[in-house]
Amino acid sequence: MKKETIQIEWYHYDDATKLSPEDQFLLNEAHEAAKQAYAPYSHFKVGAAVRLQGGIIVRGNNQENVAYPSGLCAERVALFHAHATYPDKKVEAIAITAVSAKTILDEPVAPCGACRQVMAEYEHRGGIPLKVIMQGQTGRVLVAPSMAGLLPFSFLHDFLDKY
Ligand code: THU
């Protein structure tokens, strides 16, 4: 028996002004997207913005449904829209944020597991790191330089090719 460990790295910025101008812009797009979310059941509005190669930005937000599981997270709305519109563009980065009806959200918002799986697929397909930028309504920003650290032991298509 051998114990193995995985190290992941992320960057912590005290606030969004410390990000590069293009990442600040992307995060701002996510904030704008959050305002337009359709979240009448959770009252938790999530916004995502995806940057594709060439600087194309695509927004998404959570779309809820009275049949709860029929709704979809902001990240997947953004990524599926991006990929449906620009199927050959690689995904460089995604910014994620949220607004809560209860209180000011000042903690970074991390993507759910299902969204991580979708991000991992696009990162693997594009062959370039997919940067993940996370912030609440305000406050510190966490940046994961790639999806690899956010979803260890990913189930990816080369596994299916093999077996
Ligand atoms: N939600 C997202 O949009 N992204 C996530 O990564 C986590 C959760 C949405 C789904 C639902 O509309 C609301 O947040 C509460 O779970």
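Author: Let's start at Asn-62, which is found in the loop between strand S3 (56-61) and H2. Helices (H or I, at least four residues) and strands (E, at least two) are DSSP runs, numbered from the N terminus. This is a predicted model, where local features need pLDDT of at least 70 and side-chain atom pairs count only at pLDDT 80 or more, while totals for chains, interfaces and linings use all residues. Residues are numbered from 1 along each chain as its sequence is written, and side-chain values use heavy atoms, with hydrogens and water left out.

Reader: OK, is Asn-62 buried or exposed?

Author: Asn-62 has a relative accessible area of 6%, so Asn-62 is buried. Buried means under 20% relative accessible area, exposed over 50%, and partly exposed in between, with a 1.4 Å probe and protein chains only.

Reader: What is Asn-62 in contact with, leaving aside neighbours within four places in sequence?

Author: Among others, Ala-37, Tyr-38, Ser-42, Phe-44, Lys-45, Leu-72 and Cys-73. Contact means heavy atoms within 4.5 Å. There is a polar pairing too: a polar atom of the Asn-62 side chain lies 2.8 Å from the backbone nitrogen of Val-46. A polar contact is a pair of N or O atoms within 3.5 Å; within protein, one must be able to donate a hydrogen and the other to accept it, and residues adjacent in sequence count only if both atoms are side-chain atoms.

Reader: And the ligand, which residues are around it?

Author: Ser-42, Phe-44, Val-46, Asn-62, Glu-64, Cys-73, Ala-74, Glu-75, Pro-111 and Cys-112. The shell divides into 6 nonpolar, 2 polar and 2 charged residues. Here Ala, Val, Leu, Ile, Met, Phe, Trp, Tyr, Cys and Pro count as nonpolar, Asp, Glu, Lys and Arg as charged, and the others, Gly among them, as polar.

Reader: Where do the ligand's oxygen atoms come in?

Author: Asn-62 shows up again, with a polar side-chain atom 2.9 Å from a ligand oxygen. An N or O atom in the side chain of Glu-75 is 2.7 Å from a ligand oxygen. Cys-112 uses its backbone, where an N or O atom lies 2.9 Å from an oxygen of the ligand.

Reader: How much of the ligand does the protein cover?

Author: The protein covers 74% of the 370 Å² of accessible area that the ligand has on its own. Those areas come from the Shrake-Rupley method with a 1.4 Å probe, and for residues only the protein chains shown count as cover. The elements giving two or more residues to the shell are strand S2 (44-52) and helix H2 (74-85).

Reader: Let's stay with H2. What span should it have, and how far apart are its ends?

Author: Its 12 residues should span 16 Å at 1.5 Å a residue, and the end C-alpha atoms are 16 Å apart, which agrees. The expected span is 1.5 Å times one less than the number of residues. Buried residues in H2 include Ala-74, Glu-75, Leu-79 and His-83, and the cover over the buried residues includes S2, S3, S4 and H3.

Reader: What does His-83 touch, beyond four places away in sequence?

Author: Tyr-122 and Arg-125. The side chains of His-83 and Arg-125 are joined by a polar contact of 2.6 Å. His-83 counts as buried because its relative accessibility is 18%.

Reader: Moving on to H3, which residues are buried there?

Author: They include Cys-115, Arg-116, Met-119, Tyr-122 and Glu-123. What covers the buried residues of H3 includes H2, strand S4 (91-100) and strand S5 (131-135). H3 is followed by Gly-127, whose phi is positive, near 75°.

Reader: And Pro-129, where does that sit?

Author: In the loop between H3 and S5. Pro-129 counts as exposed because its relative accessibility is 51%. Its contacts beyond four places in sequence include Val-91, Glu-92 and Glu-123.

Reader: Last one: what do the buried residues of H1 pack against?

Author: S2, S3, S4, S5 and strand S6 (141-144). Take Ala-30, which lies in helix H1 (residues 21-35). Ala-30 counts as buried, at 0% relative accessibility. Beyond four places in sequence, Ala-30 touches Gly-47, Ala-48, Ala-49, Ala-95, Ile-96 and Thr-97.

Notes: Near = heavy atom within 4 Å.
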